[in-house]
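Here is a briefing on one structure. It covers salt bridges, a stretch of sheet and a chain interface.

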Amino acid sequence: MLYTENKPIEEILDCLGEEKNIFLLACNGCADICETGGQQALTTMKRELEKAGKNVSGTALVDFLCDKMLVATRLAREAKNLQKADSVLALTCGIGVQAVAKVVEKVVHPAANTVSLGGLHGLWPAEELCRACGECVLDYTGGICPIAFCAKNLLNGPCGGSQDGKCEVDKDTDCAWQLIYDRLKSLGKLDNLARIAEAKDWQQSTSLEQRKTKFTKAML
Amino acid sequence: MKSGSRLEKVLTAGKFAVTCELGPPKNSNPQIIKKKAGYCAGKVDGVNITDNQTAIVRMSSIASGVIAMSCGLEPIMQMVCRDRNRIAMQSDILGAAGLGIRNILCLSGDHQKLGNHPEAKNVFDIDSIQLIAMVRKMRDDKQFLSGDPIKEHEPRLFIGAVANPFAGPLELRVMRLAKKIQAGADFIQTQCVFDIDRFGEWTELVTEAGLHSKVYILVGLTPVRSHKALLYMKSNVAGMSIPNELVSRMESANDAGEEGVKICLEMIEKVRKMEGIAGIHLMPIGWESITPVILERAGLLPRPEV
Ligand code: SF4
Ligand code: SF4
């Protein structure tokens with residue numbers, strides 16, 4: 001179970017910027033339980049975006065957005081609406097956003113912060129990783145997580161050890177920032193990285209609320 | 001003056017600056033630092049004191065810097081993000097400034113897996129660009145990172161950063177340099193340059209972007225004594241570019257030491273002519289005694305009065 005919290009709508013609108021046509025994609029798994037995904041969150045977000053003058057070019061609800069197979073199968077039916085969209089807004093956890101970014105050749109914005117992995121690491125074996133940092137930066141990095149994949153959790157681009165696309169720690173491992181660079185470049189979004197990402201607020205990771213959560217026998 | 005350090009004075013006076021590097025010992029013997037300091041005291045504008053370089057435990061850069069200072073050298077304290085969080089870093093910045101250190105060089109730091117404690121937990125609470133911004137905030141805004149005021153005696157440090165023209169991807173390298181300048185870097189030291197052609201490509205992009213007029217760039221140079229040293233660096237040091245011609249030139253030389261010095265002198269000649277280069281940073285790894293020889297032969301001594 002991955003715990004997510006909604007990003008403030010102001011932050012989401014800021015990320016969408018000038019983009020007019022948005023495709024909404026919501027997860028019906030953990031995110032539904034956290035009320036960041038599911039039908040209700042989808043309806044609310046659609047209303048919010050329209051209120052802000054955006055056009056929602058399509059919506060889809062997928063049981064588990066962290067599963068690329070499911071995402072690809074479900075989105076095959078939405079090709080037209082997806083085509084029309086400037087970007088995708090994903091109502092899901094960090095893994096969900098990364099999975100969608102791998103399947104869709106469009107900018108994918110996260111609508112939530114993942115704050116805790118809650119003891120269970122997702123429901124599908126996935127190569128996408130999230131470390132529940134609580135301040136999701138996937139918007140800035142084009143859907144690849146530097147917190148989970150960069151050996152130094154760097155937020156402002158690759159260290160001096162990145163060479164031929166590989167990480168200084170291990171020549172067989174891709175440098176996360178090379179992947180981020182490639183992805184942003186192909187999306188024409190390299191400008192994202194010109195902005196300085198400020199020091200992170202690590203206290204957002206695994207919030208106190210989550211630590212207080214106890215599962216009673218009845219719940220399990 | 002931002003810091004009043006000698007390095008700042010030399011650079012702002014438009015003189016060609018010279019810095020070098022001093023690696024602290026893997027023990028607590030101050031004599032080792034004093035011996036190394038002896039080679040370059042009075043001959044350079046600043047000396048980098050490395051911070052547990054390649055993630056190998058050594059005497060701290062602040063302590064070693066203070067010992068170097070007692071020998072008449074002006075230290076450039078290196079600080080990496082690997083081993084300390086923002087609380088410890090700010091505390092050490094205050095301490096260093098209190099002890100008279102006037103220059104800092106901000107780096108991410110090599111990953112601990114490359115060093116002698118691969119089992120350590122790393123920190124990386126902030127990255128090198130955020131560190132630069134933090135030092136600038138402490139100095140210019142008189143505030144801690146949190147925004148709490150530093151009511152008096154803010155740490156006045158000349159802020160340095162590094163750039164590696166040979167790491168990938170090139171386009172991001174220039175972008176990152178621009179970010180470092182925007183964050184508050186006053187000067188830049190580059191990774192050691194052996195591949196002058198690739199370095200030229202980078203410099204071109206840097207001058208095209210107008211970055212050379214916003215920051216002082218010092219070119220990293222490493223004289224070597226043997227072709228084996230080059231081969232070692234080629235395969236073991238992250239982010240290096242070493243042309244094969246250079247290796248064969250060293251290999252076929254009768255007097256490899258002299259050849260190494262000559263190559264270094266040629267490099268100095270070339271970079272002095274390049275637009276936007278404000279100085280050199282010499283890193284003779286394990287061959288500190290060669291520093292004064294090279295500087296003398298390059299006509300860089302005596303250092304200017306500032
Ligand atoms: S930035 Fe990475 S670790 Fe943080 S919430 Fe997003 S995916 Fe998870
Ligand atoms: S090489 Fe890339 S992935 Fe590895 S630590 Fe540096 S920036 Fe991070």
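The side chains of B:R303 and B:D45 form a salt bridge, 2.7 Å from N to O. A salt bridge here is a side-chain nitrogen of Lys or Arg within 4 Å of a carboxyl oxygen of Asp or Glu. B:R303 sits in the segment after helix 11 (290-297) of chain B, and B:D45 in the loop between helix 2 (30-40) and strand 2 (46-49) of chain B, so the pair ties together parts that are 258 residues apart in sequence. Both B:R303 and B:D45 are buried (under 20% relative accessible area; exposed is over 50%, partly exposed in between; 1.4 Å probe, protein chains only).

This is a predicted model: local features need pLDDT of at least 70, side-chain atom pairs count only at pLDDT 80 or more, and totals for chains, interfaces and linings use all residues. Residues are numbered from 1 along each chain as its sequence is written, chains are lettered from A and ligands numbered from 1 in the order in which they are written, and side-chain values use heavy atoms, with hydrogens and water left out.

**Other salt bridges**

- Over all chains, the rule counts 29 salt bridges.
- Side chains of opposite charge can pair when their charged atoms come close.
- B:R86 and B:D125 meet through their side chains in a salt bridge of 2.9 Å, N to O.
- That pair links distant parts of the chain, 39 residues apart: B:R86 is in helix 4 of chain B, and B:D125 is in the loop between strand 4 and helix 5 of chain B.
- B:D125 counts as buried, at 11% relative accessibility.
- In chain A, A:E168 forms a salt bridge with A:K152, and their closest N and O atoms are 3.1 Å apart.
- A:E168 lies in the loop between strand 7 (166-167) and strand 8 (170-174) of chain A, and A:K152 in the loop between helix 8 (146-149) and strand 7 of chain A, so the pair ties together parts that are 16 residues apart in sequence.
- A:E168 is buried at 9% relative accessible area, and A:K152 is buried at 4%.
- A network of salt bridges links B:K2, B:R136, B:R139, B:D140, B:D141 and B:D186.

- Helices (H or I, at least four residues) and strands (E, at least two) are DSSP runs, numbered from the N terminus.
- In strand 4 (residues 103-107) of chain B, 5 of the 5 residues are buried, so the strand is largely enclosed by the rest of the structure.
- Both faces are covered: B:N103, B:L105 and B:L107 are buried on one side, B:I104 and B:C106 on the other.
- Strand 3 (residues 75-80) of chain B pairs with strand 4 of chain B in the parallel sense over 5 bridges (pairing needs at least two DSSP bridges).
- Opposite B:N103 of strand 4 stands B:I76.
- Strand 4 and strand 5 (residues 158-163) of chain B also pair in the parallel sense, over 4 bridges.
- B:I104 has B:I159 of strand 5 of chain B as its bridge partner.

**Interface of chain A and chain B**

- In contact (heavy atoms within 4.5 Å) are 32 residues of chain A and 32 residues of chain B.
- The rule finds 1 salt bridge across this interface.
- A:K185 and B:E171 form a salt bridge, with the closest N and O atoms 2.7 Å apart.
- Helix 9 (residues 176-186) of chain A gives the most to the side of chain A that touches chain B, with 4 residues.
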